[in-house]
Amino acid sequence: MSPDQLLAEPVTSLPTLRSAVTGLPAYVPGRRSAGADMAALASNESHYEPLPAATAAVAEAAGRMNRYPDMAAVELRERLARQLGVTAAEVAVGPGSVGVLQQIITGLCDAGDEVVFGWRSFEAYPILVELAGARPVRVPLDDAEGHDLDAMAAAVTGRTKVILLCTPNNPTGVPISHDRLEAFLQSVRSDVLVVIDEAYVEYADAGSGPDSLALYRRYPNVCILRTFSKAYGLAGLRVGYAITTAAIAEGLRRTAVPFAVSALAQKAAVASLDAGEEMAARVSAVKQERVRMAGELEAQGWKLQPSQGNFLWIRADDQLLARLVDAFDAAGILVRAYQGDGVRITVADPDSNNRVLRLLAAHVPLASL
């Protein structure tokens, strides 16, 4: 057959994506700010600029961008180990906590295995599970917008490999108490990995949630997941970590994309840990604003669950949700809407927060009055 004949042959098929990929829901990020007058309150980012020490570390490391980063992230893992009272072998680092979570699910789940989590919770959970060929098992939250641990325990089967517990929960802000979580761990098989996702733990009041490190030391099937994207203000650099047994941590490092955490991210994370007092002062200011906003909204007539994250959650049906989103858009305020559930509003600087309070004062639902 001549080349001309080959070119004339009709194309009968093209490469196709896996069905698991074509059927995935798209992850919906918080919308981006498009102008100086926009209040970007949709992504739970820190409204503070990076800590000065982190900025200086990035500037110093930038001169070596021609070199690959330390794939094992030894300096960062050792620094985390000292701070948390574990060994570096028990620390796995990845591109944000969501990157580490993907390593966890990839490392533990075969096709058809199950991952149990509360819903609504972090939107990436079902996406990562389905991408791995596993089956997401969504357990509805309880009436207080928190995890229904009894129902989650009942949802565990012989195919369950991982349980995801987001505390404080995103987007509702409700934590899981230490005693409730320990009772839950006592009821779960020891071969099921229980991931305590603490992306917002720095914003939680002392004693409101679990002492996850104490639970990890007592229950080897616990894995703690944290990030530098929120309180530490490094969302743009992508670095998170897990605390887990040395064997699982080694497996997570094997499943990681090579060199996924840049040298700039590693250096900025170490510098941010070293600037802990400054970071804590920023967190304290956000917590004070959270309390102020919640108090004023409740006085207006809104019904809120106490949030332990850097955000507030308003439960809203689709009609109220559409009205709120339109009003926020018209006012130049970006918030995160969850169809059928509600709206999440990041707590930011006082001026932005006051704009939110003024808007919501004009849109209190009649049922709350």
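Modeller: Keep in mind that this is a predicted model. Let's begin with a pocket. H4 and helix H9 (212-218) each supply at least two residues of the lining of the second largest pocket.
Colleague: Which helix gives the most to that lining?
Modeller: H4 does, with three residues.
Colleague: What volume does the second largest pocket have?
Modeller: About 340 Å³.
Colleague: How many residues line it, and which lie nearest its centre?
Modeller: The lining has 23 residues. Nearest the centre are Glu 198, Val 201, Glu 202, Pro 210 and Arg 226.
Colleague: How do the lining residues of that pocket divide into nonpolar, polar and charged?
Modeller: There are 12 nonpolar, six polar and five charged residues.

Colleague: Now cavities. How many of 30 Å³ or more does the structure hold?
Modeller: One. The largest cavity has a volume of about 30 Å³.
Colleague: Which residues line the largest cavity?
Modeller: Glu 45, Ser 46, His 47, Tyr 203, Val 286, Asn 310 and Val 347. By class, that lining has three nonpolar, three polar and one charged residues.

Colleague: On to the sheets. What is the strand order in the seven-stranded one?
Modeller: The order is E2-E8-E7-E6-E5-E3-E4. This sheet is open, and its pairing is mixed.
Colleague: Which are its edge strands?
Modeller: Strand E2 (91-94) and strand E4 (135-140). Each pairs on one side only. On average, neighbouring strands of this sheet are turned by 20 degrees against each other, direction ignored.
Colleague: Which helix packs on this sheet?
Modeller: Helix H10 (residues 246-255) packs there. H10 touches E2, strand E6 (193-197) and strand E8 (240-243). The direction of H10 makes about 20 degrees with that of E2.
Colleague: Back to E4. Do E3 and E4 pair in the parallel or antiparallel sense?
Modeller: Parallel, over six bridges. Strand E3 covers residues 114-119.
Colleague: How many residues of E3 are buried?
Modeller: Five of the six, so E3 is largely enclosed by the rest of the structure.

Colleague: What about the three-stranded sheet: what order does that have?
Modeller: E9-E12-E11, an open sheet with antiparallel pairing. Strand E9 (311-315) and strand E11 (336-338) stand at the edges. Each has a single partner strand, so one side of each is left without a neighbour in the sheet. The twist averages 20 degrees from one strand to the next.
Colleague: How many bridges join E9 to E12?
Modeller: Five bridges join E9 to strand E12 (residues 342-346). Trp 313 stands opposite Arg 344 in E12.
Colleague: Which helix lies across E9, E11 and E12?
Modeller: Helix H13 (residues 318-330), running at about 35 degrees to E12.

Colleague: Let's turn to the backbone. What is the peptide bond from Trp 119 to Arg 120 like, cis or trans?
Modeller: Cis, with omega near 20 degrees. Arg 120 lies in the loop between E3 and helix H6 (124-131). The bond from Thr 167 to Pro 168 is cis too, with omega near -5 degrees.
Colleague: Where is Pro 168?
Modeller: In the loop between strand E5 (160-166) and helix H8 (178-187).
Colleague: And the phi of Asn 44: positive or negative?
Modeller: Positive, about 55 degrees, although Asn 44 is not a glycine. Asn 44 is in the loop between strand E1 (39-40) and H3.
Colleague: Is Asn 44 buried or exposed?
Modeller: Buried, with a relative accessible area of 0%.
Colleague: What about Glu 145?
Modeller: Glu 145 has a positive phi of about 70 degrees and is not a glycine. Glu 145 sits in the loop between E4 and helix H7 (149-155).
Colleague: Why does Glu 145 count as buried?
Modeller: Because its relative accessibility is 9%, and buried means under 20%.

Colleague: Last one. Is Arg 67 buried or exposed?
Modeller: Exposed, with a relative accessible area of 63%. Arg 67 lies in the loop between helix H3 (52-61) and helix H4 (74-84).
Colleague: What separates the C-alpha atoms of Arg 67 and Gly 233?
Modeller: A distance of 25 Å. Along the chain, Arg 67 and Gly 233 are 166 residues apart.

Definitions and conventions. Residues numbered from 1 in each chain as written. Predicted model: local features only at pLDDT ≥ 70, side-chain atom pairs only at ≥ 80, totals over all residues. Heavy atoms only, no water. Helix = DSSP H or I, 4+ residues; strand = E, 2+ residues; numbered from the N terminus. Buried < 20%, exposed > 50% of the residue type's maximum accessible area, 1.4 Å probe, protein only. 1 Å grid on protein atoms, 1.4 Å probe; cavity = no way out; pocket = protein on both sides within 12 Å on 5 of 7 lines; lining within 4 Å. Points joined across faces, edges and corners; volume = space filled by probe spheres on them. Nonpolar A, V, L, I, M, F, W, Y, C, P; charged D, E, K, R; others polar. Pairing = 2+ DSSP bridges. Axes fitted to C-alpha atoms, helices over the stretch in contact; angles between N-to-C directions. Contact = heavy atoms within 4.5 Å.
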